[in-house]
Amino acid sequence: MNVYEIRGAFGLENLVRAERPDPTPGPFQVRVRVKATSLNSRDLMMVEGRYNPRQKLPLVPNSDGAGVVDAVGPGVTRVKPGDRVMTLFAQGWQAGEPTKAITATTLGGPLDGALADTVLLHEDGVVPTPAYLSDEEAATLPCAAVTAWSALVTQGGLKAGDTVLVQGTGGVSIFALQIARLFGAHVIVTSSRDDKLERALKLGAQEGINYVTTPDWEKAARTLTGGVGVDHVVEVGGAGTFEKSLKAVRVGGTVSVIGVLSGGAGSVSLVPILMQNLRVQGVFVGHRQSFEALTRAFALNDIHPVVDRVFPFAEARAAFEHMKQGAHFGKIVIKVS
């Protein structure tokens, strides 16, 4: 099998192609021939050593993959050879609340991930691919789409008529836009580029705010809601944007903390959270039940992921460089085979 490994030390320069023995499925295991894998900010941070500096190497990165089952071990009943499947981010998380043990079952660190032409997984760690999606589209769902679904639906209680503010136009934010519109919510998008805002409006967002020309975007968001504030903020910026998110949300509203693109360390006053009865929730992707609910909803409504660009397997490192530049709209995909 062909893989990419972070070998010797962290850094994109240490992401190298390698060969490993083809695995044989054991009891309740399935072997998947990967067709495509997508990138998340977590994957780039893992390669660069910013996500977990103590991660043991070598490591095959990437949590998200889609492919075809080509062999199963004894006792497997969920899938059969020939079935199209997607990876489950936390292999051990089927439903309910996460545990410390579950967080140790995530693909792309600490477990080897999907930047390979073959992966060996437990049968509970794969989810059937909706027939209407291509492998490249399906490979974008396991983290970004499930995270957005968990934030807004599983944990967020999204309902028709709510106003949702999404930050930027990366994978999670675009999926949040699509999910919010699916539920009949009003969507405000922020971005540093007007052309990206135009694309977001075409996807169904009602308003866009350029945070470069309008640095007080939290005030603009409140103005757009008649001074009330938005119901839900999908917070992907981290320390650099969190305080503004608290000011953009309404009394009793929710801020879902998902990313740390602008940094993970900072100081913030707790007074607004207390005095305005705000709900701040961290979102650790999601469990299998959420993933399955998401795929049902997407299939019924023919929702297609937004793919920014597809790179060949031989140019995997270039795909990470593209993500690092931050100019993408939607998801970056690597076609494996």
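This tour walks through one chain, stop by stop, with something to select at each.

The model is predicted: local features need pLDDT of at least 70, side-chain atom pairs count only at pLDDT 80 or more, and totals for chains, interfaces and linings use all residues. Residues are numbered from 1 along each chain as its sequence is written, and side-chain values use heavy atoms, leaving out hydrogens and water.

**Stop 1: the two domains**

Colour residues 2-141 together with 305-335 as domain 1, and 156-282 as domain 2. These bounds come from an automatic or database domain assignment. Taken over C-alpha atoms, the domain centres are 29 Å apart. Now show the residues that meet: 12 from domain 1 are in contact with 13 from domain 2. Contact here means heavy atoms within 4.5 Å.

**Stop 2: the loop between α1 and β4**

Helices (H or I, at least four residues) and strands (E, at least two) are DSSP runs, numbered from the N terminus. Select Leu-57 and Pro-58. The peptide bond joining them is cis, with omega about 5°. Pro-58 sits in the loop between α1 (41-48) and β4.

Asn-62 is in the loop between α1 and β4 too. Check its backbone: phi is positive, about 85°, although Asn-62 is not a glycine. Most residues other than glycine have a negative phi, and most peptide bonds are trans. Is Asn-62 buried or exposed? Asn-62 counts as buried because its relative accessibility is 0%. The cut-offs are under 20% relative accessible area for buried, over 50% for exposed and in between for partly exposed (1.4 Å probe, protein chains only).

**Stop 3: Thr-77**

Move to the loop between β4 (64-72) and β5 (84-87), where Thr-77 lies. At 68% relative accessible area, Thr-77 is exposed.

**Stop 4: Gly-109 and Pro-110**

Here is another cis peptide bond, running from Gly-109 to Pro-110 with omega near 5°. Pro-110 belongs to the loop between α2 (100-103) and β6 (118-122).

**Stop 5: helix α5**

Select residues 171-182. This helix of 12 residues spans 17 Å from first C-alpha to last, close to the expected 16 Å. The expected span is 1.5 Å times one less than the number of residues. How many residues of α5 are buried? The count is 10 of 12, so the helix is mostly covered by the under-20% cut-off. Among the buried residues are Val-172, Ile-174, Phe-175, Leu-177 and Ile-179. Just past α5, Gly-184 has a positive phi of about 80°.

**Stop 6: Ile-188**

Continue to strand β9 (186-191), which holds Ile-188. Its relative accessible area is 0%, so Ile-188 is buried. Val-166 is 22 residues away along the chain, with 6.3 Å between the C-alpha atoms. Beyond neighbours within four places in sequence, Ile-188 is in contact with residues including Thr-163, Val-164, Glu-207, Ile-209, Leu-224 and Val-230.

**Stop 7: a surface patch**

Show Val-271, Leu-274 and Met-275 as a surface. They form a nonpolar patch, with about 360 Å² of accessible area together. Val-271 lies in helix α9 (271-275).

**Stop 8: Asp-302**

Finish in the loop between α10 (288-300) and β14 (307-312), at Asp-302. Phi of Asp-302 is positive, near 50°, in a residue other than glycine. Asp-302 is partly exposed, with a relative accessible area of 47%.

Definitions and conventions
Patch = residues over 30% accessible without salt bridge, like charges linked within 9 Å, V, L, I, M, F, W, Y side chains within 5 Å. Areas by Shrake-Rupley, 256 points an atom, 1.4 Å probe, with all protein chains shown as cover. Salt bridge = Lys/Arg side-chain N within 4 Å of Asp/Glu carboxyl O.
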